Amino acid sequence: GLFLVERSEADSALVSKLLFNIGNVHQARNDHDKAIEFFERALAIDEAQGNAFGVAAVAVNLSSSFIKEGNADASLEASLRAQRAAGEIGDDYLRAAAVGNEAEVYLMRGELDLAEERLRETLGLAKEVGDIQTEITAMIRIALVRSQTGDHAAALQYAEDALSLATASE
């Protein structure tokens with residue numbers, strides 16, 4: 001005989017979380033091909049269920065793994081997907097991470113104006129939600145862009161502000 005069992009939404013949500021967590025372990029081990037594989041599987045489940053939070057969280061990490069692999073196009077696509085999902089649920093914490101990844105893509109491509117624009121948005125979102133780590137990272141990345149464009153005074157100011165924020169939050 002043939003036995004068919006339909007998964008409940010709760011079961012699928014659990015499977016998605018497990019896939020996401022396994023992807024995170026592979027990402028931490030710098031095995032980005034494996035991380036991408038698990039993130040894509042989790043993303044498919046979250047999208048099928050209409051779980052915008054899951055889509056946003058998974059797509060942010062997927063975007064990060066694509067950045068590490070040097071795949072700018074795939075990273076940008078995942079970042080934009082994360083931004084849409086985070087926007088649907090009003091999650092500025094996830095949106096800041098997704099916009100930050102978009103900025104990284106522009107840095108990879110040497111599109112400094114777009115990178116700085118997106119980094120400034122990331123910085124604003126991070127400040128709004130109190131995400132000091134993302135705020136510091138955005139400031140350092142803006143300092144890098146300012147330095148690359150020859151505005152060393154602004155680069156130094158952003159770097160010093162990031163250092164002040166980092167030491168104040170210890």
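Q: How many helices and strands does the protein chain have?
A: The protein chain has eight helices and zero strands. Helices are DSSP runs of H or I with at least four residues, strands are runs of E with at least two, and both are numbered from the N terminus. This is a predicted model, where local features need pLDDT of at least 70, side-chain atom pairs count only at pLDDT 80 or more, and totals for chains, interfaces and linings use all residues. Residues are numbered from 1 along each chain as its sequence is written, and side-chain values use heavy atoms, leaving out hydrogens and water.

Q: What box do the C-alpha atoms fill?
A: Roughly 75 × 30 × 30 Å, taken along the principal axes.

Q: What percentage of the residues is buried?
A: Of the 170 residues in the protein chain, 45% are buried. Buried means under 20% relative accessible area, exposed means over 50%, and partly exposed is in between, with a 1.4 Å probe and protein chains only.

Q: New topic. At what angle do α6 and α7 pack?
A: About 155 degrees, with the axes 9 Å apart. Helix α6 covers residues 112–129 and helix α7 covers residues 132–148. That makes α6 roughly antiparallel to α7. Angles over 145 degrees count as roughly antiparallel, under 35 as roughly parallel, 65 to 115 as roughly perpendicular, and the rest as oblique. The axes are lines fitted to C-alpha atoms over the stretch in contact, and angles run from 0 to 180 degrees between N-to-C directions.

Q: Which residues of α6 and α7 meet?
A: Among them, Leu-112, Leu-119 and Leu-123 are on the α6 side, and Ala-138, Ile-142 and Val-145 are on the α7 side. Contact means heavy atoms within 4.5 Å.

Q: How do the residues of that contact divide?
A: Eight are nonpolar, three polar and six charged. Ala, Val, Leu, Ile, Met, Phe, Trp, Tyr, Cys and Pro count as nonpolar, Asp, Glu, Lys and Arg as charged, and the others, Gly among them, as polar.

Q: Now Asn-61. Buried or exposed?
A: Asn-61 counts as buried, because its relative accessibility is 16%. Asn-61 sits in helix α3, residues 52–69.

Q: What is Asn-61 in contact with?
A: Leaving aside neighbours within four places in sequence, Asn-61 contacts Phe-20, Asn-24, Gln-27 and Phe-39.

Q: And where does Asn-30 lie?
A: In the loop between α1 (9–28) and α2 (32–49). Asn-30 counts as exposed, at 57% relative accessibility.

Q: What is the phi of Asn-30?
A: Near 60 degrees, a positive value in a residue other than glycine. Most residues other than glycine have a negative phi.
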